[in-house]
Amino acid sequence: VGDPILRRWLAARILGSEPAVPEFAQGRPPYLDPDVWLTQSSLAGSNGVPLPPLRADPPSNSLEILLPGSRIKIKTGDEQKLFDKSWDDIEISLAVHRFSWLPLAGSNVDPGWVDAMWRAWSSRHGKEFNGWAWHPYTAAERVINILDFGRRMGLPGDAADTRRLLSAHGQIILRNLEYNGDHYTSNHLSNNGRGLFLLGLTLGIEAFADIGGKILIEEASRIFAPSGILREGSSHYHLLLTRNYASAWLAAEAHGRPEASPLKTISGTALRAASAFSLSGGLPLIGDISPDCPPEFLTCLLPNNDITAGW
């Protein structure tokens, strides 16, 4: 009652001059076939990328990881404490569950630490699929980061258990797609699709790849304007979403997928639009800054920047 904006809006709704939000099915984008919600028996993967088990010695030195707004050091034997710790900032907690420090470390990370951290996370959160650790955006980021590492170095943890747990990520994402109608669906849904797409391609689960590719392509028009610029009005998020689509496009090309052509078009248009941010003073930080990674991690996407740095 004390909010004049809300009072005006409610009055308009009562008088019929402010339309109600169109009805929608939570978590069910209208462009997906209603029969896509899968059962366990339909998720047997085949013809995926060979992922050998990780061969790594236990870590002997401390590990320093980059989290949103902070850099922390972990001593050997303390990896479980990282996932049990209560953080003041929810974004730090989410970054821990996403293993967001892993791509930032690049080739400098000790494989033994990745194995120890994955085993610690799996023992704590790998059986009950609920809470912030299994939020669909977080699950998508984690599965992408672990699979990227697995392709380069081998799967951490027990290889068979890890594959089963990664497959479970796809089921959790699919059951909890972040579709909230045309009014309130953000870029998270496209990242749900990216997680499903890359997971499906890597483990050979065609259903995940098909659904994820469909989501990515359909959501591009919600995320980007026809010019290729991100509708959110954020330079950092523009590069982040461009990276997301470029990674999906490259994976589609590598696997000979039909999504490769439209994903290439989407990525190329977004990359051309990003050239507006290539200024002599560096990347202009306009709008929101994503906690997913530092802006400089993505400047490789801009013209006249070092393409060997960052992503």
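Me: What makes G16 worth a look after helix 1?

Reply: G16 follows helix 1, and its phi is positive, near 85°. Helices here are DSSP runs of H or I with at least four residues, strands are runs of E with at least two, and both are numbered from the N terminus. Bear in mind that this is a predicted model: local features need pLDDT of at least 70, side-chain atom pairs count only at pLDDT 80 or more, and totals for chains, interfaces and linings use all residues. Residues are numbered from 1 along each chain as its sequence is written, and side-chain values use heavy atoms, with hydrogens and water left out.

Me: Which residue caps the N-terminal end of helix 1?

Reply: That's D3, with a side-chain oxygen 3.0 Å from the backbone nitrogen of I5.

Me: Why is C293 called buried?

Reply: Buried means under 20% relative accessible area, exposed means over 50%, and partly exposed is in between (1.4 Å probe, protein chains only). C293 has 6% relative accessibility, so it counts as buried. C300 is buried too, with a relative accessible area of 10%.

Me: And why is V49 called partly exposed?

Reply: V49 has 21% relative accessibility, so it counts as partly exposed. V49 lies in the loop between helix 1 and strand 1 (63–67). V49 and L201 are 152 residues apart in sequence, yet 7.5 Å apart in space, C-alpha to C-alpha.

Me: Which residues lie nearest the centre of the largest pocket?

Reply: They are P103, I144, D148, R151 and W311, out of 30 lining residues. A pocket is an open set of points on a 1 Å grid over the protein atoms alone, where a 1.4 Å probe fits, with protein on both sides within 12 Å along at least five of seven lines; lining residues have an atom within 4 Å of a point.

Me: Which helix gives the most to that lining?

Reply: Helix 6, with seven residues.

How values were computed:
Polar contact = N/O pair within 3.5 Å; in protein donor to acceptor, adjacent residues only side chain to side chain.
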